[in-house]
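User: I would like to learn how to read side-chain contacts in a model. Please take one feature at a time.

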Amino acid sequence: MSNECLIAEFTDPSSLETALEVLHRADYERDSYSVVTSANQVDDTVLADAKDKTPASPPAEKTMGASTLVGGTLGGVLGTSTMIGPMLVAGPLAGMAAGAAGGSLLAAVESWGVRKDVGDQYENRVAGGASLIIVNGDEMKLSNAERMLQTCDPESLERFTQ
């Protein structure tokens, strides 16, 4: 993992949905970005992004019914996202945030060059209803993501380097 990140803040759910679609179509893998949103703002867009796309069970026609499919989907969501306090975190930040000792949820991004006070500001914005997409990677990957996300009308778009 690189020590750089790009944080895009969205207050409009449709802009967030568009941004996630843009990253998906540009072949950004789920392990190169995280989505942070308040728990009461979670919708199908964020959950669809958090779901494990690999089959969790044999094809439905070879199973005992929809229960296997539902269980696999639920397991995928729970396996790739975590609920910490009033927030849902999906992506590589989920494990880092869950393992962060004390402090704020976004203290995990300090390893990517985000100062604690800036992380606290983002955490307050999320608590107020904003959603974040945090992309991590090398300089080229972040430059491409920055150009793409600028077209999705983010409230703010900041790049951090350690």
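**Salt bridges and a buried contact**

Analyst: Glu 146 is partly exposed, at a relative accessible area of 22%. Here buried means under 20% relative accessible area, exposed over 50%, and partly exposed in between (1.4 Å probe, protein chains only). This is a predicted model, in which local features need pLDDT of at least 70, side-chain atom pairs count only at pLDDT 80 or more, and totals for chains, interfaces and linings use all residues. Residues are numbered from 1 along each chain as its sequence is written, and side-chain values use heavy atoms, with hydrogens and water left out.

User: With which residue does Glu 146 form a salt bridge?

Analyst: A salt bridge is a side-chain nitrogen of Lys or Arg within 4 Å of a carboxyl oxygen of Asp or Glu. Glu 146 pairs in this way with Arg 159, and their closest N and O atoms are 3.4 Å apart. Because Glu 146 lies in helix 6 (residues 139-150) and Arg 159 in strand 6 (residues 156-161), the pair ties together parts that are 13 residues apart in sequence. Helices (H or I, at least four residues) and strands (E, at least two) are DSSP runs, numbered from the N terminus. Arg 159 is partly exposed, with 29% relative accessible area. Salt bridges with shared partners join Glu 4, Glu 146 and Arg 159 into one network.

User: How many salt bridges does a search of the whole structure find?

Analyst: The search finds 6. One of them joins the side chains of Arg 25 and Glu 21, at 2.6 Å from N to O. These two residues are 4 residues apart in helix 1 (residues 13-25), so about one helical turn separates them. Arg 25 is exposed, with a relative accessible area of 65%, while Glu 21 is partly exposed at 35%.

User: In which helix do Lys 116 and Asp 120 both lie?

Analyst: Both lie in helix 5 (residues 116-127), 4 residues apart, or about one turn of the helix. Lys 116 is partly exposed at 43% relative accessibility, and Asp 120 is partly exposed at 24%.

User: Is Thr 37 buried or exposed?

Analyst: Thr 37 is buried, because its relative accessible area is 1%. Thr 37 belongs to strand 2 (residues 33-38).

User: Which side chain does Thr 37 join in a polar contact?

Analyst: A polar contact is a pair of N or O atoms within 3.5 Å; within protein, one must be able to donate a hydrogen and the other to accept it, and residues adjacent in sequence count only if both atoms are side-chain atoms. The side chain of Thr 37 makes such a contact with that of Ser 131, at 2.8 Å.
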